[in-house]
Amino acid sequence: MPLYDRILDTIHTQITDGTLSEGTMLPKETELCKAYGVSRTTVRTALLKLQNEGLIKRIKGKGTIVTSAKVLEQSTIFIESFAEELKSQGFKTTTEVLEFRRMKAPAEIAGTFRLKEGEQVMKLTRLRYQSGSFDQGSIVITTSYLPISLSFIENYDLETTSLHDIFKEHGLHRSDITKTISAKNLDDKEARLLGVQPGSIAIVISSFTLDQHARPLEVSESIYPVGRNTFTLKLRT
């Protein structure tokens, strides 16, 4: 078990069993390093995972506090979208890149990647369609944020090459993925891009991914119009 998992499991249990209640301040990173006998990098990795599970929140100038987590189902181990189901059945999907650029990291993303104020990330926004069904509208719109250390991604055609294949080519793989699921009403821009009416309901799946070295690899948000997607939840029994 990676060292950060020991910290993660301990704090996760303390939050879910009520030992650490909502609003409680966590010890400083240096104090956690001393308590667990691990490096600051290890502590930060554990806190990143807890943050992306919605269990804690970093407040600039104050520290890290416990929040109320939005838990779908503790036994859920995988969420499969209609787009992934199509692929498994041999159907093809088409990708359209709407945006790919470097930008100053938004505050929440900077906190997730542990970046200093003003540091940059890469932002990638894509639409996906079922091939041959362009006129029926897209299946999903996904916005990803990626560390600048992965700048080699800029050398690829992201409409024909998946991030998975790019990572694999560079010796990286998605080792640890945290997903949260929620619902929202689409605003005007989102509805226009997805080809549905403003205010339509969509499923939102947010993902935080670590590589095999426990380094942040990707933060993404995928918005699925409910009329074009079904979801399969595979549960641990």
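**Buried positions and helix packing in the predicted model**

At 16% relative accessibility, Ile 65 counts as buried, the cut-off for burial being under 20%. In this predicted model, Ile 65 belongs to strand β2, which covers residues 63-66. Leaving aside neighbours within four places in sequence, Ile 65 is in contact with Gly 23, Thr 24, Met 25, Leu 55, Ile 56, Lys 57 and Ile 59. Pro 27 is 38 residues from Ile 65 along the chain, and the C-alpha atoms of these two residues are separated by 9.2 Å.

The protein chain as a whole contains 7 helices and 10 strands. Of its 237 residues, 41% count as buried. Among contacts between residues at least 6 apart in sequence, 63% join residues at least 24 apart. The mean pLDDT of the chain is 83, and 84% of the residues reach 70 or more. Confidence is highest in strand β6 (residues 140-147), at a mean of 94, and lowest in strand β3 (residues 76-80), at 45. Over residues 70-82 the pLDDT is below 50, although this stretch has 35 contacts in the model beyond near neighbours in sequence. Where pLDDT is low, the predicted coordinates should not be read in detail.

Helix α2 runs over residues 29-36, and its buried residues are Glu 29, Leu 32, Cys 33 and Tyr 36. Seen down the axis of α2, these buried residues fall within an arc of 105 degrees, so they line one face of the helix. An α-helix has 3.6 residues a turn, so residues three or four places apart point the same way. The face of α2 turned away from the buried side carries the exposed residues Lys 34 and Ala 35. The packing partners of the buried residues of α2 are α1 (3-16), α3 and β1 (56-59). After α2 comes Gly 37, with a positive phi near 65 degrees.

The axes of α2 and α3 come within 9 Å and cross at roughly 110 degrees. With 65 to 115 degrees taken as the range for this class, α2 is roughly perpendicular to α3. On the α2 side the contact is made by Glu 29, Thr 30, Leu 32 and Cys 33, and on the α3 side by Arg 40, Val 43, Arg 44 and Leu 47. Buried residues of α2 that take part in this contact include Leu 32 and Cys 33.

Helix α3 is largely enclosed by the rest of the structure, because 10 of its 13 residues are buried. The buried residues of α3 are Thr 42, Val 43, Thr 45, Ala 46, Leu 47, Leu 48, Lys 49, Leu 50, Gln 51 and Asn 52. Among them, Val 43 and Leu 47 also contribute to the contact with α2. At 1.5 Å a residue, the 13 residues of α3 should span 18 Å, and the end C-alpha atoms are 18 Å apart, which agrees. Gln 51 lies in α3, which covers residues 40-52, and is buried with a relative accessible area of 15%. Beyond four places in sequence, Gln 51 is in contact with Ile 56, Arg 58, Glu 108, Gly 111 and Thr 112. Ile 56 is also one of the contacts of Ile 65. Just after α3, Gly 54 takes a positive phi of about 80 degrees.

Most residues other than glycine have a negative phi. Ala 214 has a positive phi of about 65 degrees and is placed in the loop between β8 (201-211) and β9 (216-225). At 15% relative accessibility, Ala 214 likewise counts as buried.

Ile 148 lies in the loop between β6 and α6 (163-169). With a relative accessible area of 26%, Ile 148 is partly exposed. Not counting residues up to four places away in sequence, Ile 148 touches Arg 102, Gln 120, Val 121 and Met 122. Of these, Gln 120 is 28 residues from Ile 148 in sequence and 6.7 Å away in space, C-alpha to C-alpha.

Technical notes
Residues numbered from 1 in each chain as written. Predicted model: local features only at pLDDT ≥ 70, side-chain atom pairs only at ≥ 80, totals over all residues. Heavy atoms only, no water. Helix = DSSP H or I, 4+ residues; strand = E, 2+ residues; numbered from the N terminus. Buried < 20%, exposed > 50% of the residue type's maximum accessible area, 1.4 Å probe, protein only. Contact = heavy atoms within 4.5 Å. Expected span 1.5 Å × (residues − 1). pLDDT = per-residue confidence, 0-100. Arc of directions from axis to C-beta. Axes fitted to C-alpha atoms, helices over the stretch in contact; angles between N-to-C directions. Parallel < 35°, antiparallel > 145°, perpendicular 65-115°, else oblique.
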